[in-house]
Amino acid sequence: MNHPISRRHFLTAATAAIGATTLPLAFSRSALAADSPLPVIYGGSAWLGHYPAYVGMKDGGFKRAGFDFKWESFGTSSSRMTALMAGNIDIAGTGVVSAIALMARGARQFQIIGIPENFGRVEGLFVHDSVKSLADLKGKTIGTTFASSSHLLVLDLLASHGLTPDKDVSIVNVGAPEIPAALKAKQIDACATWTPYFNTIKAMLGMKLLHDDTSFSLYKKYGVTPGPDILVVRTAFEKTHPGTLKRFLTAYFGACVQLRDKPDDCAKVLTELTKLSEPEQAKTVRDADWYDLAQQKELLSPTGKFVTGLQALADMLVTYKQIDKAPKVSDWITPEFV
């Protein structure tokens with residue numbers, strides 16, 4: 001069945017998040033003793049953008065930095081951002097698309113404070129071995145998760161090859177965990193998704209990777225994937241605990257350095273989160289480019305290549321009618337903490 005593409009998939013979650021009020025936390029942080037670890041609740045998932053937070057939690061990096069770090073899992077970026085806006089979590093990793101959708105609605109309850117990695121080689125479009133090019137997908141059905149970076153990758157690839165959704169190719173909304181089963185049941189002919197489902201499909205007999213994120217038009221120009229990972233903080237948290245974010249980010253990007261320099265060691269820890277085998281996990285870590293603290297100033301510069309690419313991404317979302325207007329993304333970026 002053909003499902004028309006609609007910006008509602010972006011805006012429903014955005015509207016709910018903006019309408020959420022800050023909920024009281026179970027403890028009074030202001031009453032903590034000066035030498036007590038500062039409680040921080042992080043929103044994550046098994047996606048690789050959360051690897052630094054998980055490694056930092058498991059190896060004690062956050063504890064050594066003076067934080068009582070707690071992890072909460074969310075199935076989607078939109079649900080994670082809703083929790084952040086409601087005050088239920090303090091810091092989160094998220095795909096930038098969900099953040100841009102909130103920016104487009106005027107939400108000011110969060111700030112972008114870091115860029116953990118570039119994941120361009122572990123997200124992509126898979127097809128059957130018989131498919132030689134995108135042109136061969138005419139009349140076929142592509143399954144992907146709407147309102148995701150993979151969805152945007154599909155739209156961009158089709159446009160760059162002169163194909164029109166709902167005319168030349170059908171795009172249907174399939175949750176990432178259900179994509180492998182949909183392929184096996186022949187409900188879809190091709191799919192686009194990210195790790196760890198990327199790894200599962202890549203290992204399936206008869207499937208091949210036709211394009212990954214390095215084929216995305218903005219990646220070629222700016223080094224920006226369809227939905228780059230960002231680290232965000234709840235604005236109220238930063239105002240309540242001034243001066244703590246630099247300490248947090250030092251520990252966080254220290255974990256990024258471990259992922260870059262010691263992928264095998266990190267893989268042993270991460271398998272309990274992702275359920276991948278150690279060799280597969282280590283390869284996934286290696287396939288991402290991990291950024292350190294020193295690289296953040298350039299990445300977060302309002303006039304730099306990366307932020308310029310994020311603005312182009314926001315403009316692209318308007319072009320594909322996923323949001324109504326493009327926000328000025330740099331207004332939500334706070335580089336002084338790095």
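Guide: Let us start with a pair of residues: G95 stands opposite D229 in strand 11. This is a predicted model, in which local features need pLDDT of at least 70 and side-chain atom pairs count only at pLDDT 80 or more, while totals for chains, interfaces and linings use all residues. Residues are numbered from 1 along each chain as its sequence is written, and side-chain values use heavy atoms, with hydrogens and water left out.

Visitor: What makes a stretch a strand or a helix here?

Guide: Both are DSSP runs, numbered from the N terminus: a helix is H or I with at least four residues, and a strand is E with at least two.

Visitor: How do you know that strand 3 and strand 11 are joined, and which way do they run?

Guide: Five bridges join strand 3 to strand 11 (residues 229-234). Two strands pair if DSSP finds at least two bridges between them, so strand 3 and strand 11 count as a pair. They run antiparallel. Strand 1 (residues 38-44) is joined to strand 3 by two bridges, and those two run parallel. In that case G43 stands opposite A92. Strands of a sheet pair through backbone hydrogen bonds, either parallel or antiparallel.

Visitor: Why is strand 3 called largely enclosed?

Guide: Buried means under 20% relative accessible area, exposed means over 50%, and partly exposed lies in between, with a 1.4 Å probe and protein chains only. Five of the five residues of strand 3 (residues 91-95) are buried, so the rest of the structure largely encloses it. I91, G93 and G95 point one way and A92 and T94 the other way, and all are buried.

Visitor: Why are A147 and K186 put into separate classes?

Guide: A147 has 27% relative accessibility, so it counts as partly exposed. K186 has 72%, so it is exposed. A147 lies in the loop between strand 7 and helix 6, and has a positive phi of about 65 degrees although it is not a glycine. K186 lies in the loop between helix 7 (179-184) and strand 9, and has a positive phi of about 60 degrees, again without being a glycine.

Visitor: What makes strand 8 and strand 10 edge strands?

Guide: An open sheet of five strands has the order 8-7-9-6-10, with mixed pairing. Strand 8 (170-173) and strand 10 (207-212) each pair on one side only, which is what edge strands refers to. Neighbouring strands of this sheet are turned by 30 degrees against each other on average, direction ignored. Within the sheet, two bridges join strand 7 (residues 141-144) to strand 9 (residues 190-194), and the two run parallel. Here the bridge partner of G143 is C191.

Visitor: How do you know that helix 6 packs on the sheet?

Guide: Contact means heavy atoms within 4.5 Å. Helix 6 (residues 149-160) touches strand 6 (123-128), strand 7, strand 8, strand 9 and strand 10, and its direction makes about 65 degrees with that of strand 6. Axes are lines fitted to C-alpha atoms, for helices over the stretch in contact, and angles run from 0 to 180 degrees between N-to-C directions.

Visitor: How do you know that the span of helix 11 agrees with what it should be?

Guide: The expected span is 1.5 Å times one less than the number of residues. The 18 residues of helix 11 (residues 244-261) should therefore span 26 Å, and the end C-alpha atoms are 26 Å apart, which agrees. Among the buried residues of helix 11 are L245, F248, Y252 and L259.

Visitor: What brings A104 and K325 together, and how far apart are they?

Guide: A104 and K325 are 221 residues apart in sequence and 6.1 Å apart in space, C-alpha to C-alpha. A104 touches I323, K325 and P327, not counting residues up to four places away in sequence. With 11% relative accessible area, A104 is buried. A104 sits in helix 5 (residues 96-104).
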